[in-house]
Amino acid sequence: MNALTDLVRALSAGSTESIPTSLFGLPDQAPHERVLLAADPQTGLKAILAVHSTARGPAFGGCRFWTYDNELAALNDALRLSQGMSLKNALAQLPFGGGKAVIIKPAGHFDRPALFAAFGRAVQSLDGAYITAEDVGTTTADMLGMQAHTQYVSGIPRAGAFGGDPSPKTAYGVFVSIDEGVKRVLGRSSLDGVRVALQGLGAVGWHLAEYLHKAGAKLVVTDVDAAKVQRAQEQFGAVAVATSDILAADVDVLAPCALGAVLNQQSIASLKARLIAGAANNQLATAADGDALHARGITYLPDYLVNAGGIISVAREFRNEGEEQAVMTEVGLIRGRVAELLERVRASGATPAREADAWARSLLVKPAA
């Protein structure tokens, strides 16, 4: 069943509660500029390339490779992620708009290089309106293989030049955000002894754990991969908890670093952390969940503010401007934007989520030359 059929059948049944989007954009938002459905029967490719905004420049955002419950869920993910990229790139002051792609992972055996070659051709068909890179489920090898089919790809290791896996940069941005948030929200002078719950020990989550451990934080961790959890226990002295218990862990800081929508009506009621800052995209299930966090006295640092290190990295690589220390310094500027957001919140009385949204949308214009 395809996304359009899903939508039509749900509407004809008289219920819209399970319909998260229209075909063109998110509820109560302007339509996306472009949404491309790309399929290639020979390789099994089914991809959705969503261009939210090109107001600041070509849409830039990674490609997610994932198993979805249905095609409509994949569409919703692409639309939410691409809008988040517009906000992220604007706050990071990059000359790019927001876009994202999702590939629905085929069932059974498939030829991965051939599938990503087909995806590369789909990216090329947009003629530069969308530039792709790694995201959940994709690798530097996937991006490297796409180079023969599109010039609009980044996050690729280059001999003697800056580039490659952006996850350490994403982790560093989240780390400086947590450090700044701990000082301003918790009144602590350092991360020494601060209890941090890490949900997910993937590429970004593991690098974040390294940064936090080095700074003296006490880690509580979970991951679906038991080997990663055991490694964190051995290397960082982390406390392991079940995946179902991590959000309610008795900690100072919660860092969601897996998939989105983990902060919802059910989970928020059980949270004990006073500060939330993590690498996962779209952590709030709905905008109202940001209000609920604020009402409970929990400070939420929006994901698209704190996890911008990766896009900063691949954007500089794509423009051939990158150099390791300079990019790390630029990622470190996220700390100042966290401080500015918290000052804006103090002055306006708005929640961090709504204040960040308004701030980012005010920047969705062509950057000054």
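Predicted model: local features only at pLDDT ≥ 70, side-chain atom pairs only at ≥ 80, totals over all residues.
Helix α12 (residues 324-332) packs against helix α13 (residues 334-348) at an angle of about 10 degrees. Their axes lie 4 Å apart. The angle makes α12 roughly parallel to α13, since angles under 35 degrees count as such. Glu-330, Val-331 and Gly-332 form the α12 side of the contact. Ile-334, Arg-335, Gly-336 and Arg-337 form the α13 side. By class, the contact comprises two nonpolar, two polar and three charged residues.

The whole structure contains 20 salt bridges. One of them joins Arg-335 to Asp-179, with the closest N and O atoms 2.9 Å apart. Arg-335 lies in α13 and Asp-179 in helix α5 (residues 167-186), so the pair ties together parts 156 residues apart in sequence. Arg-335 is partly exposed, at 25% relative accessibility. Asp-179 is buried, at 10%.

Helices α5 and α13 also contribute Arg-184 and Glu-343, respectively, 159 residues apart. These two residues form a salt bridge with a closest N and O distance of 3.3 Å. Arg-184 is partly exposed at 41% relative accessibility, and Glu-343 is partly exposed at 34%. Both pairs belong to a salt-bridge network that links Asp-179, Glu-180, Lys-183, Arg-184, Arg-335, Glu-343 and Arg-346.

A further salt bridge connects the side chains of Asp-250 and Arg-195 (3.6 Å, N to O). Asp-250 sits in the loop between β9 (239-240) and β10 (253-256), and Arg-195 in strand β7 (residues 195-199), so parts 55 residues apart in sequence are tied together. Asp-250 is exposed, at 53% relative accessibility. Arg-195 is partly exposed, at 33%.

Terms used
Residues numbered from 1 in each chain as written. Heavy atoms only, no water. Axes fitted to C-alpha atoms, helices over the stretch in contact; angles between N-to-C directions. Helix = DSSP H or I, 4+ residues; strand = E, 2+ residues; numbered from the N terminus. Parallel < 35°, antiparallel > 145°, perpendicular 65-115°, else oblique. Contact = heavy atoms within 4.5 Å. Nonpolar A, V, L, I, M, F, W, Y, C, P; charged D, E, K, R; others polar. Salt bridge = Lys/Arg side-chain N within 4 Å of Asp/Glu carboxyl O. Buried < 20%, exposed > 50% of the residue type's maximum accessible area, 1.4 Å probe, protein only.
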